[in-house]
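Biologist: Can we go through this one together, with the criteria spelled out as we go? Here is what I have on screen.

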Amino acid sequence: MKTKLLITITILLGVSKMNSQTTHNLDWFAGIGQNVDLTIDVGDTVIWTWTSPNHTVENVPGNSVEVFDSGFLGPIGSTYSYTFTVVGDNDYFCGVHGAFSMSGTITVQNNLGVDDFKIDSNFNLYPNPTNSILSISFKNEIPNGTLEVYDMLGKKALSQALDSNKLTSIDISNLNSGLYLIKVSYEGKSETKQFLKN
Ligand SMILES: [Cu+2]
């Protein structure tokens, strides 16, 4: 059911291919810093590639919903691959160089399609696709909240405060063409939809 919905909506949006499972690549080297962060969907795979020698990739015990450990790998060009299957945050670091030099967080979210296309959705986007102003209309008044736009790699592209109007809009003219997610958060809830920037 979910797959059919996704396929239908993908065709409607004129996108020829959208994999539900994505592979994300990260370079992994001494001194990369403490913000080697990614936001991914359940079922996505992250591949770390050693671009300097001698590291591990391992979860921070107690600050990670999954347990993973590459073990020590020496040579440049070594890779470690892990597929995330649980929603939540995973802090991780290099056990050789330490968290100060090499660490980050993999945030795992629900797949698209679970909440995005539910019938009792509280907001609508139009026009979609668009290349400049995306309007967002709500069924009910929105007290206070935020509106965030993410690209398909999970990188935040825009964010804006929501006011208490039923209708708001966001200027997306500076975004590159492609698929994006818009996440609306209010009263401790959030809802995500897709739009196409053309
Ligand atoms: Cu290291």
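Biologist: What makes S8, S9 and S12 an open sheet?
Modeller: This is a predicted model, where local features need pLDDT of at least 70, side-chain atom pairs count only at pLDDT 80 or more, and totals for chains, interfaces and linings use all residues. Numbering runs from 1 along each chain as its sequence is written, and side-chain values use heavy atoms, with hydrogens and water left out. Now the sheet: its three strands come in the order S8-S9-S12, with antiparallel pairing. S8 (123-126) and S12 (167-171) are at the edges with a single partner strand each, so one side of each has no neighbour in the sheet. On average, neighbouring strands are turned by 25° against each other, direction ignored.

Biologist: How do you know that S8 and S9 pair?
Modeller: Two strands pair if DSSP finds at least two bridges between them. Strands themselves are DSSP runs (E, at least two residues; helices are H or I, at least four), numbered from the N terminus. S8 and S9 (residues 133-138) have four bridges, so they pass that test of at least two. Asn124, for instance, stands opposite Ser137 in S9.

Biologist: And what makes S9 and S12 a pair?
Modeller: Five bridges, again antiparallel. Ile133 has Asp171 in S12 as its bridge partner.

Biologist: Which residues of S12 are on its covered face, and which on its uncovered one?
Modeller: Thr168 and Ile170 are on the covered face, while Leu167, Ser169 and Asp171 are on the uncovered one. In a regular strand, side chains alternate between the two faces of the sheet.

Biologist: On to the copper ion: why are His55, Cys94, His97 and Met102 called its donors?
Modeller: Donors are N, O and S atoms within 2.8 Å of the metal (3.2 Å for Na, K and Ca); water is not among the atoms, so sites may look incomplete. Here ND1 of His55, SG of Cys94, ND1 of His97 and SD of Met102 lie 2.0 to 2.5 Å from the copper ion, so they qualify.

Biologist: Is Met102 buried or exposed?
Modeller: Buried means under 20% relative accessible area, exposed over 50%, partly exposed in between (1.4 Å probe, protein chains only). Met102 has 0%, so it is buried. His97, at 34%, counts as partly exposed.

Notes
Axes fitted to C-alpha atoms, helices over the stretch in contact; angles between N-to-C directions.
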